[in-house]
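Please read the report below alongside the sequence and the coordinates.

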Amino acid sequence: MTEQAMNHMWMYVSAGDLDVEWRQCVEEGKDVEPLREEFARVRALDLTDPANQPPAEALLDRTLALPIRSDCRFDEPSDLERILAARPPNSNGPAVPLPVDPDALPHRLHGAWLGRVCGCLLGKPVEGWRRPRMWGYLKDTGRWPLNDYFTRNAPAEVLAKHEIPPGRCYIETVDAMPMDDDTNYTVAALKLVTETGLAFTPRDVATFWMQNLPLLATCTAERVAYRNFAANIAPPRSATVRNPYREWIGAQIRADFFGYIAPGDPQRAAELAWRDASISHVKNGIYGEMWAAAMVAAAFGTDNVRTVLEAGLAQIPARCRLAADVRRVMDWHAGGVGYDDAVERIHQRWDETTAHGWCHTISNAMVVAAGLLYGEGDYGRSICRTVQPCFDTDCNGATVGSIVGAMRGASAIAPRWAGPVHDTLITGVQGYPRVSIAALANETHALLTSSAPSA
């Protein structure tokens with residue numbers, strides 16, 4: 001009997017992976033030009049045939065070993081010690097702990113959890129939609145600009161014109177927050193810290209994943225890292241071996257709980273986030289999680305959006321691509337550039353029609369920065385101005401919703417946003433199949449006030 005491969009295509013290196021790897025190398029500052037012919041030759045193979053996987057894997061091994069060009073103007077380490085050394089020189093200010101009102105903390109934690117859930121729900125039905133489709137649908141249904149959850153209640157001809165699929169978490173179908181990776185990872189981090197304490201290591205995170213997350217429930221960089229864990233490749237190598245997605249958004253969406261558990265302390269939150277991010281990402285992929293976690297932590301101590309953004313930037317290398325592009329958005333806002341123009345400028349820098357442009361950490365960090373700045377601290381306006389630009393809509397809506405929820409507290413999230421989820425989150429995390437959002441906030445607060453998790 002002939003042995004058959006399982007043919008889980010997600011486990012293979014694809015032609016698309018090679019395209020991503022080429023662009024990733026160029027953006028990192030590697031000279032990949034000498035490998036152009038080899039890329040073309042391997043890409044032309046039938047990579048759905050397991051027999052053709054070895055040359056694709058060997059090519060990824062070669063690109064991993066390529067050095068950074070000497071003329072590269074960015075300084076982008078992945079190890080924590082060098083990241084800390086590369087931070088902005090005056091990283092006092094928003095980098096130091098901000099004052100957190102202990103009496104207001106439970107309300108703000110509830111706001112952070114609820115804000116993340118509702119921001120995610122806003123973007124979930126349209127994840128993967130590009131501007132012509134989303135904007136056309138909103139305009140044709142008289143809902144432009146975006147100011148409410150997405151609905152499929154529209155004339156049949158409009159649904160057909162924009163190819164609006166059924167059953168994608170439109171608001172009329174929702175009685176709780178449906179399962180989503182953006183909220184699964186937040187709950188998973190809560191469970192990790194509950195079981196391991198705050199002294200967890202990257203290896204603890206890797207082990208936790210293998211014990212609690214199904215392999216095929218992971219995507220892109222997380223899936224590659226998981227595959228590496230199973231091959232006994234430990235962090236931080238698990239983030240680099242045959243991983244074209246090493247700077248995609250996957251780590252940034254895992255950030256928020258590390259801000260919840262370090263309220264007012266951006267530096268602590270960023271360091272916790274590094275331990276999580278380093279198992280699957282490098283460079284700007286790591287910085288995205290550190291930046292987001294630091295912003296969430298700062299949001300518990302201030303309601304000033306710019307202070308929150310600066311608190312995040314204070315925890316990542318001053319001369320990295322993510323910092324440069326986030327500061328670009330901040331400069332546009334400070335210089336009077338309008339919201340619509342800022343969105344157009346982001347699209348000019350990043351091509352949403354390519355998977356790499358759509359799912360990269362930096363493109364989505366720019367959208368998050370724009371949503372925060374142009375949302376002006378208002379919860380509904382902030383999540384809408386984050387989801388409307390497209391890119392990774394549910395991830396970005398969740399991040400901004402979490403930050404503004406932490407800044408303003410649960411009472412600032414109007415019933416039209418909070419009501420549809422009925423205080424209920426459905427997850428794929430063992431022990432949390434269907435859970436109260438308020439209970440998650442209470443559990444987080446109990447961790448903060450408990451002596452069990454040791455630093």
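## Basis of the model

This is a predicted model, in which local features need pLDDT of at least 70 and side-chain atom pairs count only at pLDDT 80 or more, while totals for chains, interfaces and linings use all residues. Residues are numbered from 1 along each chain as its sequence is written, and side-chain values use heavy atoms, with hydrogens and water left out.

## The α19 and α20 pair

Helix α19 (residues 379-387) and helix α20 (residues 393-408) have axes that come within 8 Å and cross at roughly 155°; helices are DSSP runs (H or I, at least four residues) numbered from the N terminus, and the axes are lines fitted to C-alpha atoms over the stretch in contact, with angles from 0 to 180 degrees between N-to-C directions. The two helices are therefore roughly antiparallel to each other, a term for angles over 145 degrees. The crossing of α19 and α20 is right-handed, that is, the near helix is turned clockwise from the far one by less than a right angle.

On the α19 side, Tyr-379, Ser-382, Ile-383, Thr-386 and Val-387 meet residues of α20, namely Thr-393, Asn-396, Gly-397, Val-400, Gly-401, Val-404 and Gly-405, where contact means heavy atoms within 4.5 Å. By class, this contact has five nonpolar, seven polar and no charged residues; Ala, Val, Leu, Ile, Met, Phe, Trp, Tyr, Cys and Pro count as nonpolar, Asp, Glu, Lys and Arg as charged, and the others, Gly among them, as polar.

## Aromatic pairs

The count comes to 16 aromatic pairs, taking rings of Phe, Tyr and Trp (its six-membered ring) whose centres lie within 6.5 Å. The rings of Tyr-149 and Trp-417 have centres 5.0 Å apart and planes at 70°, so this pair is edge-to-face, a class for planes over 60 degrees apart. The pair links distant parts of the chain, 268 residues apart, with Tyr-149 in the loop between α6 (131-140) and α7 (156-161) and Trp-417 in helix α21 (residues 415-418).

Tyr-149 counts as buried at 5% relative accessibility, and Trp-417 counts as buried at 2%; buried means under 20% relative accessible area (1.4 Å probe, protein chains only). Ring pairs also link Trp-113, Phe-200, Phe-257, Phe-258, Tyr-260 and Phe-300 into a cluster.

Ser-402, in helix α20, is buried at 0% relative accessibility. Leaving aside neighbours within four places in sequence, Ser-402 is in contact with Ala-112, Gly-115, Arg-116, Asp-256, Tyr-260 and Val-296.

Glu-222, found in helix α10 (residues 220-230), is buried with a relative accessible area of 3%. Not counting residues up to four places away in sequence, Glu-222 touches Tyr-185, Trp-209, Gly-250, Ala-251, Arg-254, Ser-280 and His-281.

Note on methods:
Parallel < 35°, antiparallel > 145°, perpendicular 65-115°, else oblique. Phe/Tyr/Trp six-rings, centres within 6.5 Å; stacked < 30°, edge-to-face > 60°. Buried < 20%, exposed > 50% of the residue type's maximum accessible area, 1.4 Å probe, protein only.
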